[in-house]
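Try each task before you read its solution.

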Amino acid sequence: MTDHKTGTREEWLAARLELLEAEKALTRRSDELARRRQELPWVRVDKQYQFETDEGTASLADLFAGRSQLLTSHFMFGPDYTAGCPSCSAIADGFNGSVVHLAHHDVTLCAVSRAPLAKIQEYQQRMGWSFPWASSYGSDFNFDFGVAHTRQEWEAGSVAYNFGAEDLRPAADQKSSLDAFSQSIVGTDWETFRREGPGVSAFALEDGVVYHTYSAYARGLDGLWGMYQWLDRAPRGRNEAGFWWRRHDEYDGR
């Protein structure tokens, strides 16, 4: 017997129509936010960054692949990880289907990680992905765009992330359990794992000049995490208790 409120079809329809008005308001608000994103000032990127890709060494401008817009997914895969972050992997499961459509709308979508290219290629093959993925190993790119953090920041308890400062160091009584958790998912201790962070950055290329136009972090990525958009429409919503998701090849009975 369900403990959820039940009702007649007429009661459901009345409640649904009331919710529809709220959904329409949210859609209009989302459209306004999208417009405001596009109105942000562009910041010229003069620093030279070097990446390794399947096609060889590339500059930031090269990652545009002949298009005028670039979206970079800051995928948590540090040099010492044994595998990519499971959360970033769940988000990236939706990339293959989007890449071709974006490419035909003058937008290149490319993941960027600090792991060496060979590690990225091995993991990408394991996951069955084909979207562009560049290694920024040895580059300041991830640090400059707010998704990689120095040991000095960590030790000072002031990691710059999501337009603020956070202390990501665990309490003494949590360290061993967090180290065990991060070891189980990416093969490193907690500090090595969390000195990387997720994010997305957007760039424009105009008259040979690259501009940074937008970045988002943390729950700013929610809308790009496809499974959550489905769960938000499921009867019990996200219904979460801890870290429940896995890489898509790690579920039992898949």
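What follows is a set of exercises on helices, cores, strands and backbone angles.

This is a predicted model, where local features need pLDDT of at least 70, side-chain atom pairs count only at pLDDT 80 or more, and totals for chains, interfaces and linings use all residues. Residues are numbered from 1 along each chain as its sequence is written, and side-chain values use heavy atoms, with hydrogens and water left out.

**Exercise 1.** Work out which residues of α7 are buried and how they sit around the axis.

*Solution.* Start with the extent: helices (H or I, at least four residues) and strands (E, at least two) are DSSP runs, numbered from the N terminus. α7 covers residues 175-186, twelve in total, and reaches 16 Å from its first C-alpha to its last. That is close to the expected 16 Å, the expected span being 1.5 Å times one less than the number of residues.

Next, accessibility: buried means under 20% relative accessible area, exposed over 50%, and partly exposed in between (1.4 Å probe, protein chains only). By that rule D179, S182, I185 and V186 of α7 are buried. They sit on the same side of α7, because their arc around the axis is only 140°; the arc is that of the directions from the helix axis to the C-beta atoms. The face turned away carries S176 and S184, which are exposed.

Finally, the cover: α2 (86-92) and α8 (190-194) are among the elements over the buried residues of α7, with contact meaning heavy atoms within 4.5 Å. Just past the helix, G187 has a positive phi of about 75°.

**Exercise 2.** Find the largest nonpolar core and say which element gives it the largest share.

*Solution.* A nonpolar core is a set of buried Ala, Val, Leu, Ile, Met, Phe, Trp, Tyr and Cys residues joined through side-chain atoms within 4.5 Å. The largest one has 34 residues, and those with the most contacts inside it include F75, F77, Y123 and W133. Elements giving two or more residues include α2, α4, α7 and α8. The largest share, four residues, comes from α2. Another core, of 15 residues, lies apart and includes Y49, A58, L70 and F141.

**Exercise 3.** Which strands pair with β4, and in what sense?

*Solution.* Two strands pair if DSSP finds at least two bridges between them. β4 and β5 are parallel, over six bridges, and Q69 has V107 in β5 as its bridge partner. β4 and β9 (residues 199-206) run antiparallel, also joined by six bridges; here L70 partners F203.

**Exercise 4.** Where do A65 and A218 lie?

*Solution.* A65 is in the loop between β3 (56-59) and β4 (69-74), with a positive phi of about 55°. A218 is in the loop between β10 (209-217) and α9 (226-231), with a positive phi of about 50°. Most residues other than glycine have a negative phi. A65 counts as partly exposed because its relative accessibility is 49%; A218, at 34%, is partly exposed too.
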